[in-house]
Amino acid sequence: MRTRRMLAAVVATLVGLAGTLLLAPTPARAGNWAVTVLDPLPDRLEPGRGYTVGLWVLQHGFHPYEGDLGRVALRLVDEKGTSVSFAASALPEPAHYAAAVAVPHAGAWTVTAVQGRFADYRIGTLTVPGGMAVLGVPAPLQPGQTEKYWPGAIRPPTVPVDPDRDPFAAVAAPAPADDRSAAAGPAGSRPAPEPATSTSRRALLVAGTLLVAAAVGLGLVVGYRRRPRRADRPGTV
């Protein structure tokens with residue numbers, strides 16, 4: 001009887017752990033993400049010219065991160081995979097930064113924000129000469145939070161919202177070894193984020209393993225309950 005209860009408790013624990021992993025939110029829906037929105041840019045940007053670009057790194061898409069965010073930068077990757085980065089400096093407003101940017105040559109550039117402790121975030125595509133095509137953000141600015149953190153005229157801009165946008169998806173490829181960086185900061189100052197897909201795959205693998213273990217444990221319990229007692233076995237006295 002005691003062994004049967006122990007096996008049943010083990011099975012219940014394994015099933016509970018598997019269910020927790022299966023029902024846990026994916027990283028795209030968890031709290032450890034942010035988006036970056038840009039202050040209005042000139043209607044036309046030219047190659048080889050310097051521009052000061054304002055950017056806002058917003059946790060959950062609508063409020064500043066409380067703490068040391070780490071390195072913030074804009075990374076541009078052209079159609080050949082050439083990458084150039086421009087470090088951003090903090091401005092007086094919460095979550096507000098500025099980067100001095102000079103696009104090296106004409107063409108289409110994928111613009112990605114380096115967001116300190118958060119995963120990199122793809123902002124959109126910059127065509128030079130030309131302008132910026134911005135992707136929608138996964139969550140809108142909330143008026144209450146906006147008034148709380150930015151009561152003055154300087155505040156994050158409102159950009160289109162895409163409720164299906166995964167803030168971890170479609171990030172530009174990591175910078176190659178010959179990445180040219182402008183004031184990039186010390187190496188290793190920002191931990192590399194783990195892709196959402198690998199995290200989800202690991203969770204599913206662990207959940208599957210626990211389910212298999214639970215099934216085995218359940219089989220042991222059932223087998224134990226159905227095993228005939230010694231007095232009932234044929235040939236026993």
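Q: Which residues is Q115 in contact with, leaving aside its neighbours within four places in sequence?
A: In this predicted model, Q115 is in contact with A34, V35, T36, V57, L69, R71, D120 and Y121, once its neighbours within four places in sequence are left aside.

Q: And where is Q115 found, in which strand?
A: Q115 is found in strand β6, which covers residues 107–115.

Q: Buried or exposed, that Q115?
A: Q115 counts as buried, because its relative accessibility is 0% and the cut-off for buried is under 20%.

Q: What lies 3.2 Å from a polar atom of its side chain?
A: That is the backbone oxygen of A34, which lies 3.2 Å from a polar atom of the side chain of Q115, and A34 is also one of the residues in contact with Q115.

Q: OK, switching to salt bridges: how many does a search of the whole structure find?
A: The search of the whole structure finds three salt bridges.
One of them joins R75 and D120, with the closest N and O atoms 3.3 Å apart.

Q: Where do R75 and D120 lie, and what does the pair tie together?
A: R75 lies in strand β3, residues 72–77, while D120 lies in the loop between β6 and β7 (121–128), so the pair ties together parts that are 45 residues apart in sequence.
D120 is also among the residues in contact with Q115.

Q: Are those two buried or exposed?
A: R75 counts as buried at 6% relative accessibility, and D120 is buried as well, with a relative accessible area of 9%.

Q: Which side chains meet in a salt bridge at 2.6 Å?
A: Those are the side chains of R44 and E46, with 2.6 Å from N to O.
E46 is partly exposed, with a relative accessible area of 25%.

Q: And what about R155, which residue does its side chain meet?
A: The side chain of R155 meets that of E147 in a salt bridge, with 3.3 Å from N to O.
R155 counts as partly exposed at 28% relative accessibility, and E147 is partly exposed too, with a relative accessible area of 46%.

Q: Where does Y51 lie, and is it buried or exposed?
A: Y51 lies in strand β2, residues 50–59, and it is buried, with a relative accessible area of 12%.
The C-alpha atoms of Y51 and V103 are separated by 9.0 Å, although the two residues are 52 residues apart along the chain.

Q: How many residues of β2 are buried?
A: Eight of the ten residues in β2 are buried, and the strand is mostly covered.

Q: Which strands does β2 pair with or get joined to?
A: Strand β1, residues 34–38, pairs with β2 in the antiparallel sense over five bridges, and seven bridges join β2 to strand β5, residues 96–102, which also runs antiparallel to β2.

Q: Which residues stand opposite each other there?
A: V37 has W56 in β2 as its bridge partner, and V53 stands opposite A99 in β5.

Key. Residues are numbered from 1 along each chain as its sequence is written. This is a predicted model: local features need pLDDT of at least 70, side-chain atom pairs count only at pLDDT 80 or more; totals for chains, interfaces and linings use all residues. Side-chain values use heavy atoms; hydrogens and water are left out. Helices (H or I, at least four residues) and strands (E, at least two) are DSSP runs, numbered from the N terminus. Buried means under 20% relative accessible area, exposed over 50%, partly exposed in between (1.4 Å probe, protein chains only). A salt bridge is a side-chain nitrogen of Lys or Arg within 4 Å of a carboxyl oxygen of Asp or Glu. A polar contact is a pair of N or O atoms within 3.5 Å; within protein, one must be able to donate a hydrogen and the other to accept it, and residues adjacent in sequence count only if both atoms are side-chain atoms. Contact means heavy atoms within 4.5 Å. Two strands pair if DSSP finds at least two bridges between them.
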